[in-house]
Structures are given as structure tokens and as C-alpha cells.
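Reader: I would like a close look at one part of this model, the nonpolar core and what surrounds it. Please go through it residue by residue where that helps.

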Amino acid sequence: MFSGLHEKRMPTDGELANQALHEERSYRFPSFSASDAVTLGLSIRKRFRASSRHSKGKGLVISIQTIAGHTLFSCTVGDLGHLSGIGDVSLDSWTCLEGMISAVRRTGHSSYYVEKGMSAMGKTPKQLGLPGELPRIQGGAFPVWLENAPCCPIAVAGCYSGSSQEDHNLVSTTVRDYLNKILRNGTEENIAGPSMGAPHMPIPSVPPRTESVSGLMLYPFVC
């Protein structure tokens, strides 16, 4: 009779949006080069290929672009016409990914934050000033911010496999782990110097239930 007391409560859309916002604020790069984009893109590819989703036949498209639209990395995992049927990627996959990246350019926030924020606030893309030609907004595109440049993201890292939350988690955790690697390498190079503090990026947790939707801060959008 008490089994229901121990059931794990699913986070609300407002809580998921605030978690994504916390990730954006926490994961900042000291610098970001074309080489970083390639390394980050290959890391996303490697992590997806090791996942159960890929072993079950899911495909993925990956793109890392500057905020101005220059492509730094682009990759497909899987083949639409493979004889085994493995890898369900198509031109529509790229269209969806480009739409998600456009949402990040427009808002300055991850597409998952925008998706969950709109749902929590009961808003439509049109009401938030997003272009009507964008495909359905979902998670998977994440802004690349620099530590000393709070005006706007410098780039966007995105992937699309059709699963909003899993695509967002794939990109955000890969960004987090890549930043941890940068911090560890910097600590080793400066081991004789002053302490650089904790070497690991924080792992965001879902905010408590008391978090209000009014704190989503979906405005102002970056145009």
C-alpha cells in the first residue's frame, strides 16, 4: 500500500528547462578553435557509436558551426540505403538539425531549453518571435560559450537522431567531459603554479519542485 511513496517523480518541463539553462551557464570554454570543434564532434560520434541506440540501428547527424554559420565539423553516423537497414538518417535529418541550430542562433539558448521552456509557458514559436519556417524545435543543439564573452555564443554544437532528451544529453555531457579534459590538462601543465580550484565541471541536477516557471527567462532573445 506504500509502494507509491517510493516512485520516482518525473521532472516537469519547467524543471528540465531550468536544468538546461544551468548547463549553459556552467559549461564555458576558455577558447574554441576549429581543432576543438573537430575533437568535440568526433567525441560526440564516438559516444553515440558506443550507445545502445546505435547498436539497435539508430543513425545520427552531427554539425558544429560558428554563430555566423560557418561549418567547422559535419558528420553522419549510419547510412540510409545500407543493405542491413542500419542507420536511419536522411535529408530530413539534416533539415531538422539545421532548424535546431537556427533556434540556438536566434535565442542564444539550447534548443532543448527552448523546447521545454515553450511547453512550460504554453507558448508557441511564433509567440516567442521564432521564424515560422523552422521545423519542430527539439533538443540536440547546444550553444558554445566562451568564459570571457557573455554577449553571445561563439558556436553551436548539434546532433539529431530523433530523440529530443537523448540528443540533448549526448551533446551536453560530451561538452562537459571535453571541458573537464581541458581543465585537467591545464592543471597538469601548471602543477607548480597556484591552485586552479576544482578540476571538474559540475553535473547539473534537476532543480527542486519549488522552482517556478517564471524563472525560465526566455526573454530577451538574441536576434
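Author: What follows starts with the chain as a whole, goes on to the core, and then takes up the helices, loops and cysteines around it.

The model is a predicted one. Its chain has six helices and five strands, and from the N terminus on these elements run α-β-α-α-β-β-α-α-β-β-α. Of the 223 residues, 43% count as buried. The accessible surface of the chain comes to about 11,900 Å², and carbon and sulfur atoms hold 56% of that area. Among contacts between residues at least 6 apart in sequence, 72% join residues at least 24 apart.

The largest nonpolar core has 25 residues. Those with the most contacts inside this core are F29, F32, L40, I44, L60, I62 and V175. At least two residues of the core come from each of helix 2, strand 2, strand 3 (71-77), strand 4, strand 5 (155-160) and helix 6 (164-189). Helix 6 gives the largest share, five residues. Apart from this core lies another, of 12 residues, with L16, Y113, L128 and L130 among them.

V175 is found in helix 6 and is buried, at 1% relative accessibility. Not counting residues up to four places away in sequence, V175 touches Y27, F29, L40 and F142. Two of these, F29 and L40, are listed with V175 among the residues with the most contacts inside the core. The C-alpha atoms of V175 and E23 are 9.8 Å apart, although 152 residues separate the two in sequence.

Which residues of helix 2 are buried? They are D36, A37, L40, G41, I44 and F48. Seen down the axis of helix 2, these buried residues fall within an arc of 130 degrees, so they line one face of the helix.

Strand 2 (residues 60-66) is another element to consider, and T66 is found in it. T66 counts as buried because its relative accessible area is 18%, and the cut-off is under 20%. Leaving aside neighbours within four places in sequence, T66 is in contact with L72, R105, I154 and A155.

The buried residues of helix 4 are S93, L97, G99, M100, I101, A103, V104 and T107. Strand 2, helix 5, strand 4 and strand 5 are included in what covers them. R106, also in helix 4, is partly exposed, with 31% relative accessibility. L130 is one of the residues of the 12-residue core. After helix 4 comes G108, whose phi is positive, near 80 degrees.

Q138 lies in the loop between helix 5 (111-121) and strand 4 (141-146). Is Q138 buried or exposed? Q138 is buried, with a relative accessible area of 4%. Apart from residues up to four places away in sequence, Q138 touches M100, S111, Y112, E115, Y160, G162, S163 and S164.

C75 is buried, at 14% relative accessibility. The count of disulfides comes to zero. C152 is in no disulfide, and the nearest cysteine sulfur, that of C151, is 4.1 Å away. C152 counts as partly exposed, with a relative accessible area of 28%.

Key:
Residues numbered from 1 in each chain as written. Predicted model: local features only at pLDDT ≥ 70, side-chain atom pairs only at ≥ 80, totals over all residues. Heavy atoms only, no water. Helix = DSSP H or I, 4+ residues; strand = E, 2+ residues; numbered from the N terminus. Buried < 20%, exposed > 50% of the residue type's maximum accessible area, 1.4 Å probe, protein only. Contact = heavy atoms within 4.5 Å. Areas by Shrake-Rupley, 256 points an atom, 1.4 Å probe, with all protein chains shown as cover. Arc of directions from axis to C-beta. Disulfide = S-S within 2.5 Å. Core = buried A, V, L, I, M, F, W, Y, C linked by side-chain atoms within 4.5 Å.
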